[in-house]
Amino acid sequence: MATTAKVVLQATQKKVVLQVQKKAFIENTVPLIISLKSLLEQKRSPVLRDLMSYLQVTMQEHRNKVKDFFPGDEQLAVEVEFALKMAEKEKEMEKQMDNCSLTGDARPPTTQVSSHYIHNVYL
């Protein structure tokens, strides 16, 4: 019985420690990412896309808890939520563009003229 209680206690401690580590990581890292994001936007850096992907992956598990992580800095919480929404929209747009180019939907109408039509016009 004592060993079972000990195992349960260790598992609970491990879970609590992991939660505290995740929270500390997010509380310390996300403000830096947002500051870096602003700088990269000003410089119009292509690295911004990678940074936003990193932020999205980092916050993926905690999407609904953004305001809980930053109760003292509501502006930061709003910026993080906005950045996550914009990153999602950008990814969705990229997927749509990839689908268009893969399926051929993005071709201009002039390239879709049949060779039969060209043959009859020029003969």
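How many nonpolar, polar and charged residues does the lining of the largest pocket have, by class? The legends below take up this question in the second view, after an overview of the chain, which is a predicted model.

View 1. Among the contacts in the chain with a separation of 6 or more, 55% are accounted for by residues 24 or more positions apart.

**View 2. The largest pocket and the residues that line it.** The space in the largest pocket comes to about 250 Å³, and its lining consists of 13 residues, with Arg49, Met52, Met86, Ala87 and Glu90 lying nearest the centre. Sorted by class, this lining has 5 nonpolar, 2 polar and 6 charged residues, which answers the opening question. At least two lining residues come from each of helix H1 (2-43), helix H2 (48-59) and helix H4 (74-103), and H4 gives the most, with 6 residues.

**View 3. The largest nonpolar core.** This core has 19 residues, of which Val30, Leu55, Met59, Val66, Phe70 and Val80 touch the most other members. Two or more residues of the core are given by each of H1, H2, helix H3 (66-69) and H4, and the largest share, 6 residues, comes from H4. In soluble globular proteins, nonpolar side chains tend to be buried together.

View 4. Gln56 lies in helix H2, whereas Glu88 has its place in helix H4, and the two are 32 residues apart in sequence but 8.1 Å apart in space, C-alpha to C-alpha. Gln56 counts as buried because its relative accessibility is 15%, under the 20% limit for that class; Glu88, at 39% relative accessibility, counts as partly exposed. Not counting residues up to four places away in sequence, Gln56 touches Leu84, Ala87, Glu88 and Lys91. With neighbours within four places in sequence likewise left aside, Glu88 is in contact with Gln56 and Arg63. Ala87, one of the partners of Gln56, is also among the residues nearest the centre of the largest pocket.

**View 5. Arg44 in the loop between H1 and H2.** Arg44 has its place in the loop between H1 and H2, and its phi is near 55°, a positive value in a residue other than glycine. Most residues other than glycine have a negative phi. With a relative accessibility of 75%, Arg44 counts as exposed, since that class begins over 50%.

Definitions and conventions
Residues are numbered from 1 along each chain as its sequence is written. This is a predicted model: local features need pLDDT of at least 70, side-chain atom pairs count only at pLDDT 80 or more; totals for chains, interfaces and linings use all residues. Side-chain values use heavy atoms; hydrogens and water are left out. Contact means heavy atoms within 4.5 Å. On a 1 Å grid over the protein atoms alone, a cavity is a set of points where a 1.4 Å probe fits but cannot get out, and a pocket is an open set with protein on both sides within 12 Å along at least five of seven lines; lining residues have an atom within 4 Å of a point. Grid points are joined across faces, edges and corners, and a volume is the space filled by probe spheres set on the points. Helices (H or I, at least four residues) and strands (E, at least two) are DSSP runs, numbered from the N terminus. Ala, Val, Leu, Ile, Met, Phe, Trp, Tyr, Cys and Pro count as nonpolar, Asp, Glu, Lys and Arg as charged, and the others, Gly among them, as polar. Buried means under 20% relative accessible area, exposed over 50%, partly exposed in between (1.4 Å probe, protein chains only). A nonpolar core is a set of buried Ala, Val, Leu, Ile, Met, Phe, Trp, Tyr and Cys residues joined through side-chain atoms within 4.5 Å.
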